[in-house]
Number of protein chains: 2
Amino acid sequence: MHWARWGDPTEASALSAATLGLVGAAFGPAEPCGTTQLADVRVPVPRVQEPLLSELRDLLGDEHVLTDHAARVRHTRGKSTTDLLKMRAGDGCDAPDAVVEPADHDQVSAVLEWCSRQRVALVPFGGGTSVVDGLTARRDDYAGVLALDLCRLNSLVHVDVVSGTATLEAGLLGPEAEALLSRHGLTLGHFPQSFEYASIGGFAATRSSGQASAGYGRFDDLVVAVKVATPIGTLALGSAPASAAGPDLRQLVIGSEGAFGVITSVTVRVRKQPEVKVYEAWGFSTFRAGAEVLRQLAQSGTTPTVLRLSDEAETAVDLSQPDLVRGGPAGGCVLMTGYEGGGREVRATRDRSTALLTELGGAPLGEAPGSAWAAGRFQAPYLRDSLLDAGVLVETLETATSWSNLMTLYDAVRSALTAALGDQSPAILLCHVSHVYPTGASLYFTVATKQRENPVQQWATVKAQACDAIAAAGATITHHHGVGRVHRPWLEAEIGPVGVEILRAVKQRLDPAGVLNPGVLVP
Amino acid sequence: MHWARWGDPTEASALSAATLGLVGAAFGPAEPCGTTQLADVRVPVPRVQEPLLSELRDLLGDEHVLTDHAARVRHTRGKSTTDLLKMRAGDGCDAPDAVVEPADHDQVSAVLEWCSRQRVALVPFGGGTSVVDGLTARRDDYAGVLALDLCRLNSLVHVDVVSGTATLEAGLLGPEAEALLSRHGLTLGHFPQSFEYASIGGFAATRSSGQASAGYGRFDDLVVAVKVATPIGTLALGSAPASAAGPDLRQLVIGSEGAFGVITSVTVRVRKQPEVKVYEAWGFSTFRAGAEVLRQLAQSGTTPTVLRLSDEAETAVDLSQPDLVRGGPAGGCVLMTGYEGGGREVRATRDRSTALLTELGGAPLGEAPGSAWAAGRFQAPYLRDSLLDAGVLVETLETATSWSNLMTLYDAVRSALTAALGDQSPAILLCHVSHVYPTGASLYFTVATKQRENPVQQWATVKAQACDAIAAAGATITHHHGVGRVHRPWLEAEIGPVGVEILRAVKQRLDPAGVLNPGVLVP
């Protein structure tokens with residue numbers, strides 16, 4: 001992963017003429033923005049020095065305690081637009097003092113014990129794809145900050161073909177996990193947009209949700225068991241597919257964002273690799289009409305594996321695929337549907353979904369737009385880099401609510417964004433429904449505008465007003481990005497002061513020295 | 001609910017000739033056991049006296065603070081066989097000092113605040129159907145013990161037809177909730193064996209699972225939002241169908257068994273009332289073969305609404321339906337399947353399930369045994385009373401594990417029970433799979449033997465050895481009964497010392513005076 005851009009920049013393609021045209025029409029001529037060189041990124045003087053570094057080397061081996069400039073820069077932040085803007089500007093103020101690479105659960109435990117004793121803050125680092133500032137520790141008076149990179153915990157520990165489960169170490173990235181599972185003819189089926197660089201541990205720690213969640217379930221649905229290293233010992237949970245043995249503590253670990261412990265392995269539900277994958281598109285007259293169809297599908301008990309409904313604006317102007325000819329109704333909306341599974345199963349589900357979609361007024365647009373979406377599904381973050389290069393500020397935010405509140409929420413967030421962007425027009429404001437449930441759905445907004453003098457502050461202002469609107473509408477502050485530091489100011493509005501006390505009590509009990517990812521999640 | 005028997009004894013029918021024959025053949029002639037009269041039950045001298053009672057009356061009104069003998073006796077225990085044996089023997093040592101009946105959430109909060117201040121222990125009481133000793137508080141040096149009966153929290157607060165959710169107050173019993181929902185054409189679909197007397201709050205507090213969980217989901221799956229009164233304030237959770245806003249604290253409330261707070265209302269997913277209900281039976285050669293079929297059904301993505309597979313012994317001797325002619329294969333096993341839903345949906349699911357069941361060697365036994373099962377599904381607890389009357393000791397226990405471990409667990413628990421019952425033979429030992437999931441299933445055992453001199457101690461010994469075997473097999477100590485006081489000694493084996501620390505930390509933060517259901521759940 002590039003230190004200041006998404007993924008492998010050689011995989012990125014230049015902005016197409018169509019996109020450049022779009023951007024030019026909206027924001028005027030591109031204003032290329034430069035990027036600092038890695039060597040010029042300013043990082044703080046490390047607090048963790050000898051003899052502490054020697055102690056760490058004794059624990060992990062010399063080659064697994066990295067203090068070089070490049071390693072520190074690469075572990076400085078996640079991949080939000082704000083993170084990228086700061087890195088591009090050479091701001092490495094959040095760089096860890098050192099990066100440690102434990103080999104296994106026991107070494108993770110040893111590092112935690114050491115950090116607690118030395119009062120050194122520790123940031124668990126999986127794929128480094130956080131977009132909510134989940135990877136920068138509060139420094140305060142800590143004796144230093146380490147990034148704990150889980151890259152060496154990269155085994156498929158066990159496959160239980162009969163039960164349909166697999167135990168994966170936390171540091172495995174999405175494609176690595178899928179490659180290991182594919183040798184057994186299996187798949188996890190978890191494909192968030194960050195899939196190519198995000199880790200198994202990160203999926204669990206941030207309560208991730210994939211693009212195929214309608215079919216495979218959210219990551220929290222897939223977790224059967226977890227193993228966590230905490231400063232006070234190991235927590236291993238999950239002895240049955242379901243249990244009444246008190247509260248489900250797995251659901252306290254999932255979403256804990258490194259604040260309670262370090263997830264070292266996860267046992268997940270897996271399935272046979274799909275024999276068939278089909279993606280197609282449907283046109284609807286309005287976003288509201290399309291959302292109503294999603295609701296009926298979600299409540300029917302028969303849903304496609306993938307459902308993604310773009311609003312009118314996103315249908316007209318998809319920044320990630322401006323060349324795509326959808327052929328949808330003018331002024332209308334496009335719904336992507338995807339079916340994955342065994343041949344007979346896909347046929348049955350597709351037949352029933354098609355009947356319902358047709359009955360509810362959908363216009364079939366064929367497989368071409370669906371296949372194009374599927375082919376480009378992991379490309380959007382690359383496009384963001386190119387837009388940032390061209391002086392555009394582009395970022396996303398997401399939420400979820402009940403079906404009855406969905407359009408109210410949509411209007412409220414759009415109004416807040418429009419008001420916040422008011423003096424920054426012209427701006428592009430897009431939205432889609434990416435995840436559906438029987439009782440509600442998520443909304444995912446994309447905002448693009450021209451970068452101003454201080455684009456980090458520019459976005460912070462817009463984002464805060466959107467978050468206020470989400471909280472006021474009674475929706476969740478995040479459906480799948482996590483809390484990190486970005487959403488933390490709004491968490492109390494969602495879980496209340498008593499909920500905050502629960503998080504604090506657990507944090508204090510498991511991490512009495514307060515060294516785990518300080519400043520993240522817990523208000 | 002009768003104070004020493006299940007439900008309304010006028011609903012119970014006498015033991016059939018067939019059952020009496022069975023019991024006689026197994027254990028010799030019936031030895032009728034007498035029951036103490038309610039008036040003769042020995043209850044302790046109440047610690048909560050004036051002026052404390054006056055303070056409670058000021059909070060709740062005179063008629064909602066009950067101190068009469070009958071009210072105290074009726075709130076003494078739950079409905080395990082041990083509970084019934086103690087009540088029959090006139091042992092009311094666990095009776096609360098008084099029973100309070102708050103009208104609403106705010107009055108519950110007021111009682112909690114008062115109990116914390118006075119250091120009076122408080123036992124939340126819904127339907128009183130606990131079978132794990134979840135309703136008897138540790139007395140220690142508390143200033144007394146109150147039962148907090150939620151019977152007045154019995155409203156359907158809100159129905160959201162669009163989102164398919166309903167907010168139900170915690171004191172509603174199963175049939176009351178269904179009656180209120182049926183006015184809107186809706187159903188919760190949650191039908192545990194205790195359905196007729198258990199409460200909505202109890203379903204949530206104990207992580208209940210219904211007989212139709214394969215179709216409707218466990219109660220924890222159905223919960224969208226919860227409202228809880230705790231000694232430090234109100235906890236209201238659930239702002240979206242799914243969220244990444246940190247740990248899912250709802251899953252800490254579900255299964256909290258009154259130890260963290262009092263659940264006052266629950267928002268649940270509801271569905272249209274089924275147009276069609278069909279139950280039928282299938283024969284399989286062995287329990288193992290039947291379990292393999294359940295696994296394939298559960299992993300196929302198409303399951304009936306109800307699945308219940310009896311082992312060879314239960315198929316031959318179902319104590320609850322000894323007259324039932326199953327017509328299954330001699331020495332084989334019977335699987336009950338049930339389909340509920342819209343006509344088209346039931347037809348589709350039934351067709352696909354039937355194809356799979358046939359392909360996997362099932363012999364169709366028709367609808368008669370299925371309908372008989374459905375008609376008698378809530379009768380088993382009445383039968384238990386009749387068997388206890390006849391000198392038989394009968395009790396159940398349950399667990400769950402992964403598919404790959406299911407038969408190992410089955411053998412281990414049977415061996416442990418057989419060894420424990422060794423010198424008490426003859427005994428009847430039955431088992432069925434009642435709940436299935438893609439990754440595993442539950443096992444539900446019924447044990448019947450002749451009552452000895454001290455049947456309470458007799459069962460405690462047998463139960464402990466079964467629990468040891470379950471823990472040793474790595475399965476959950478309870479799939480749907482809860483922890484209470486009965487399973488508490490085995491909880492640490494399941495969630496580990498760090499898991500126990502989490503429960504203690506949350507308990508201490510939410511209930512600093514330690515007045516909520518002391519002795520229950522938290523080791």
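Guide: Here is a short tour of some ring pairs, with the terms explained along the way. The model is predicted, so to speak with care: local features need pLDDT of at least 70, side-chain atom pairs count only at pLDDT 80 or more, and totals for chains, interfaces and linings use all residues. Residues are numbered from 1 along each chain as its sequence is written, chains are lettered from A and ligands numbered from 1 in the order written, and side-chain values use heavy atoms, without hydrogens and water.

Across all chains, a search of the whole structure turns up 14 aromatic pairs (rings of Phe, Tyr and Trp, its six-membered ring, with centres within 6.5 Å; planes under 30 degrees apart are stacked, over 60 edge-to-face, the rest tilted). One of them joins F203(A) and F219(A): the ring centres are 5.5 Å apart and the planes meet at 55°, so this pair is tilted. F203(A) sits in helix α7 (residues 200-205) and F219(A) in helix α9 (residues 219-222) of chain A, so the pair ties together parts 16 residues apart in sequence (helices are DSSP runs of H or I, at least four residues; strands are runs of E, at least two; both are numbered from the N terminus). F203(A) and F219(A) are both buried (under 20% relative accessible area, with a 1.4 Å probe and protein chains only).

Now to chain B, where the rings of W6(B) and Y197(B) have centres 5.6 Å apart and planes at 85°, so that pair is edge-to-face. W6(B) belongs to the segment before α1 (17-27), while Y197(B) is in the loop between β7 (186-187) and α7 (200-205) of chain B, so parts 191 residues apart in sequence are tied together. W6(B) and Y197(B) are buried too.

Back in chain A, F191(A), F195(A) and F378(A) form a cluster linked by ring pairs.

Note on methods. Buried means under 20% relative accessible area, exposed over 50%, partly exposed in between (1.4 Å probe, protein chains only).
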